[in-house]
Amino acid sequence: MEAVGPQERLLDRGATAVAHPNIALIKYWGKRDERLIIPYVDSLSMTLDVFPTTTTVRLSPGARADSVSLDGMPASGEPKRRVIAFLELIRELAGRAEPAVVDTRNTVPTGAGLASSASGFAALALAGAAAYGLDLDPTALSRLARRGSASASRSIFGSFAICHAGRGEGAAADLGSYAEPVPVPDFDPALVIALVNAGPKAVSSRAAMRRTVETSPLYQAWATSSKADLTDMRAALRGGDLEAVGEIAERNALGMHATMLAARPAVRYLSPATLAVLDSVLQLRADGVPAYATMDAGPNVKVLCHRADAARVAETVRGAAPGCSAVTARRGPGARLRPGAGQ
Ligand code: 2P0
């Protein structure tokens, strides 16, 4: 057998990772450091078992530049820029210089408006770190994923995770801002995702949160109340109390949207279809079904409920707005390397 030189070994070096999106029950909205992506507030989420992202990073020592494809098409513009900036960060940490070929596949339905940056940067952090030979523990991996997208720090972990906003400035803030699991083994609800028909979002979440922090008179009040929401949420999760978890999540999300509505100019992600779904959730509660809504930077609604009620909740939200479809998720796994693939 012919000896394999270091160059050939590098040519073969690659890794594939799979990560799932997460939905925040206590929201992250607003950065206190835009370069390091340090949130103003702690956030807490549930990682889902649907819509995984699969990303392969393969080193390409002979190439002149990185090459990035998203769902089989060459990436361009802002998505490509963000992936390359993230690779630069990994290379800096690893003390390496070779360009990479990145292939990312999302399974979120097209136009669903569900954030794929959480699963995307969690998968890229894990595959990229492995490909460049960075040996990171889950905390360091979560910290790294945060530099891609703060919500990605939470998708490193399965089930429930909290992302700490950290304290201080610069390196201290960077060190203190990462996610970790919130163990609640007996709490296993359903999250019904109501996909309302909508075009691409008018304002990116990044631009929207910047505008909110800079111009909304309600932002500081929400950030303060979010601290209390988090304390209450942790207690509700510990008690496995779906009604309390749902109430806190719903008020936290509505508060976040209120801060955006008060921004100048206003950022409004909630559409008439969103409000119709919210009305149907209220009606479910009036009919004795515990169901609670949360919304992110888009018009879709995620409804938290008992697993036994999920079919009824899905049927109700489907009927609430024309063209509304529903996907039922449960808590899902953390990011993981796919053994063998891409190696
Ligand atoms: C969250 N969202 O906690 C919040 C709630 C949307 C609303 O995290 O700028 O893509 O990349 O850190 O993580 C969406 O924003 O923003 C988000 P960046 P990200 O899930």
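**Entry 1: Domains**

I began with the division of the protein, which consists of domain 1 (7-185) and domain 2 (190-329); the bounds come from an automatic or database domain assignment. I found the C-alpha centres of domain 1 and domain 2 to lie 24 Å apart. To their contact (heavy atoms within 4.5 Å), domain 1 gives 32 residues and domain 2 gives 39 residues.

**Entry 2: Basis of the model**

I note that this is a predicted model, in which local features need pLDDT of at least 70 and side-chain atom pairs count only at pLDDT 80 or more, while totals for chains, interfaces and linings use all residues. Residues are numbered from 1 along each chain as its sequence is written, and side-chain values use heavy atoms, with hydrogens and water left out.

**Entry 3: Confidence**

I looked up pLDDT, the predictor's confidence in each residue, from 0 to 100. The protein averages 93, and 93% of the residues score at least 70. Residues 1-5 stay under 50, and the model has one contact for them beyond four places in sequence. Residues 7-11 are also below 50, with nine contacts beyond near neighbours in sequence.

**Entry 4: The ligand**

Of the 19 residues around the ligand (a heavy atom within 4 Å), Y28, K31, S149, S151 and R206 come nearest.

I sorted the shell by class and recorded eight nonpolar, five polar and six charged residues. In this scheme Ala, Val, Leu, Ile, Met, Phe, Trp, Tyr, Cys and Pro are nonpolar, Asp, Glu, Lys and Arg are charged, and the others, Gly among them, are polar. Helix α7 (residues 205-215) gives the most to the shell, with three residues; helices (H or I, at least four residues) and strands (E, at least two) are DSSP runs, numbered from the N terminus.

**Entry 5: Backbone**

I recorded a cis peptide bond from R264 to P265, with omega near -5°. P265 is in the loop between α9 (242-261) and α10 (272-286).
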